[in-house]
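Here is a friendly walk through a protein, one feature at a time.

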Amino acid sequence: MTENIEKISKFIPLISILILLSSVIRNYIFYQSFGISINEYINLTEFTLLFINDLSFYILTIPFFFMYLPFIYIRKFVREKYGAEHFNFERTKKLSEFVMLTSIFSSIMIFILDFSLQVQLNLLQTFITIFFSSLLLWFDKDVEFSKKYSLIVASFMLILFPILKAINDVDKIENKNFYNKVSFIYNNKEIHSNKEQIFLGKTNEYLFLYNSKTKYTEVFRNSDINNFKIKKL
């Protein structure tokens, strides 16, 4: 038990680095799409907290793969105790093959059919998750392989899915389908976000409003802002 805990603890720094990297990549892609080099407006201490905006993703998506491990351990125990003929995967392999092929076909079709980009990306994430889950069952390997496989796939998802999220968020802004509405006082003038002036986000020191008409992004220093209000839509 202690040995397993030690092995798991060795992966914590790697997972932390991947989470940080995925958050940096997502924010870079999102803000760069609106002409903002986010590294010029954010300090080093903020980088470590970027992942919080995607916390639901990290909590719900990544552990999905590791839930296979208890099943793998149970399968190993049963096979060792009662014989290798138990827990055979002949039917499961055929089902996995069918599911994988269906996932690939469905992933292609969602970009042919007339879905919105948000629906397309959400479906793509689902089919990617189903594909790699089915592939693990199809391999039918031992515990060590399953653990390495889960770690590699989870790492891949940590990089890919936040990129897809950034693309989705950019598309929403460009189609004036935004998340939050803000208002604040700047230089004694009351400013409201709307369908033309869209709130992109803020760092500790700056706030960003994108003008969908002129395609310019205005940058406001938080120290010059008063009575800041935000409303989730």
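## Reading the hairpin, the sheet and the rings

Q: Which strands form a hairpin, and how many residues lie between them?
A: Helices (H or I, at least four residues) and strands (E, at least two) are DSSP runs, numbered from the N terminus. Here S1 and S2 make a hairpin with two residues between them, and Asn187 in the turn has a positive phi of about 55°. This is a predicted model: local features need pLDDT of at least 70, side-chain atom pairs count only at pLDDT 80 or more, and totals for chains, interfaces and linings use all residues. Residues are numbered from 1 along each chain as its sequence is written, and side-chain values use heavy atoms, with hydrogens and water left out.

Q: How many bridges join S1 to S2?
A: Two strands pair if DSSP finds at least two bridges between them. Strand S1 (residues 180–186) and strand S2 (residues 189–192) run antiparallel and are joined by four bridges. Across from Ile191 in S2 stands Phe184.

Q: What is the order of the strands in the open sheet?
A: Three strands form it, in the order S3-S4-S5, with antiparallel pairing. Strand S3 (197–202) and strand S5 (217–221) stand at the edges with a single partner strand each, so one side of each has no neighbour in the sheet. Strand S4 (residues 206–211) pairs with S5 in the antiparallel sense over five bridges, and Leu209 stands opposite Glu218 in S5.

Q: Where do these strands come in the run of elements?
A: The protein has eight helices and six strands. Starting at the N terminus, the elements run α-α-α-α-α-α-α-α-β-β-β-β-β-β.

Q: How many aromatic pairs does the structure hold?
A: Rings of Phe, Tyr and Trp (its six-membered ring) pair if their centres lie within 6.5 Å; planes under 30 degrees apart count as stacked, over 60 as edge-to-face and the rest as tilted. The structure holds 15 such pairs. Ring pairs link a cluster of Phe30, Tyr31, Phe34, Tyr41, Tyr206, Phe208 and Tyr210.

Q: Which residue lies over the face of Phe228?
A: A charge sits over a ring if NZ of Lys or CZ of Arg is within 6 Å of the ring centre and within 35 degrees of the ring normal. In this model Lys202 lies over the face of Phe228, at 5.3 Å from the ring centre.
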